[in-house]
Amino acid sequence: MRSAGDGTTKAGNTVTDTATLGFGAYFTRHMITSTWRAGRWTPLQVTDHAPLVLSPAAMVLHYGQAIFEGLKAYGQPDGSVKLFRPRDNAERLNLSAERLAMPAVPIDMFLEACTELVRVDADQVPRGEWQSLYLRPTVIATESNLGVRPSNEYLFMVIASPVDHFFAGGADTIDVWCADSQIRAAPGGTGAAKCAGNYAGSLRAKRMAVENGCHEVLWLDAKERRYVEELGAMNFFCVRATKGGEPELVTPPLSGTILPGNVRASMLGLARSRGVPVAERPITLAELIGDPAVKEAFACGTAATVVPISAVVTGGERHRIGDGRSGALTGALRDDLLDIQFGRRADPFGWMHEVTLSAESMS
Ligand code: COI
């Protein structure tokens, strides 16, 4: 097998320059699948990464039963490869499954699928700075039927993509456009699930953000359109100066409309371990753009890791956050996270999950 640098597949495409992997354009040679029928999952299968055969009446195409996860495998200095918090992804997939009336994927099966794919494609884990292998576990409804009800058949699959920067060119900071006439998630809806429909419904706003000179969408709550909830497909944080001048890390609470991100949870853990006070409480747009105590803001997620926000565009005006550059706490938390993920420092939290590789893949 060849390495990502000289031949990873993309249904016909080839990586020729690992300096420009970008995000999600290339795929490793294999995929893992299992099908759910008559109330059980079949044993996991390793196959070539190849197109699916799907009925045009497959229920996912009509009623959108599709859920997914995103997690990364990181090359370590000793040649090994580790996954970041895969069990948390397995648990979240099952929360999404429950919300969309889909069958759960047993945690051990999820972990085995992810580790097996990393094992068979270990030589395609890119090793450059910022580079990792992004895994995309997905479950879709495959029964051929137009009845409006949960499908009786599903496909679970995991594919892998060697990646580096999520934002083109590895943007140091992003500008965000406030979507005040569109919402991402309403109370009682599917906002906390990682389902395809949430992303479909966000794409028009994303296009409008770009048309307004921004990288991403700042989502407000559905009810009052006052509170900041999420940032594109990522979680949102800001850093406030307390009365004593020390920083406090603030993020909106998980209230059913926000995706419970692994990186979000990790940011909270890392801040606490630095002795930085954290608060999960509502943040208004007015506070974000108008309160001088807000010194920094950032978005975080598996794909993009941690991205500082330089400005918010709303009502046709551009409001700079802090000095418009990456803030000190944002940078420190991002470095803490990356150092653990890339094995540059010990992992006191037990977040990294080693994938046992053959001696050949380690060399
Ligand atoms: C992730 O950070 O993994 C996300 O959820 C964004 C993704 C949809 C590209």
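By class, the residues lining the largest pocket come out as 15 nonpolar, 9 polar and 7 charged. Here Ala, Val, Leu, Ile, Met, Phe, Trp, Tyr, Cys and Pro count as nonpolar, Asp, Glu, Lys and Arg as charged, and the others, Gly among them, as polar. Keep in mind that this is a predicted model, where local features need pLDDT of at least 70 and side-chain atom pairs count only at pLDDT 80 or more, while totals for chains, interfaces and linings use all residues. Residues are numbered from 1 along each chain as its sequence is written, and side-chain values use heavy atoms, with hydrogens and water left out.

The largest pocket holds about 510 Å³ of space. A pocket is an open set of points on a 1 Å grid over the protein atoms alone where a 1.4 Å probe fits, with protein on both sides within 12 Å along at least five of seven lines, and lining residues have an atom within 4 Å of a point. The volume is the space filled by probe spheres set on the points, which are joined across faces, edges and corners. Of the 31 lining residues, Phe166, Lys194, Tyr199, Ala233 and Met234 are the closest to the centre. Strand E12 gives the largest share of the lining, 3 residues. Helices (H or I, at least four residues) and strands (E, at least two) are DSSP runs, numbered from the N terminus.

| Pair | Angle | Axes apart |
|---|---|---|
| H2 (residues 86-99) and H3 (residues 107-120) | about 125° | 9 Å |
| H6 and H8 (residues 328-341) | about 110° | 10 Å |

Axes are lines fitted to C-alpha atoms, for helices over the stretch in contact, and angles run from 0 to 180 degrees between N-to-C directions. H6 is therefore roughly perpendicular to H8, whereas H2 and H3 are oblique to each other. Angles under 35 degrees count as roughly parallel, over 145 as roughly antiparallel, 65 to 115 as roughly perpendicular and the rest as oblique.

Which residues of H6 meet H8? They are Val263, Ser266, Met267, Leu270 and Ala271, and their partners in H8 are Leu333, Asp336, Leu337 and Ile340. That contact (heavy atoms within 4.5 Å) has 7 nonpolar, 1 polar and 1 charged residues.
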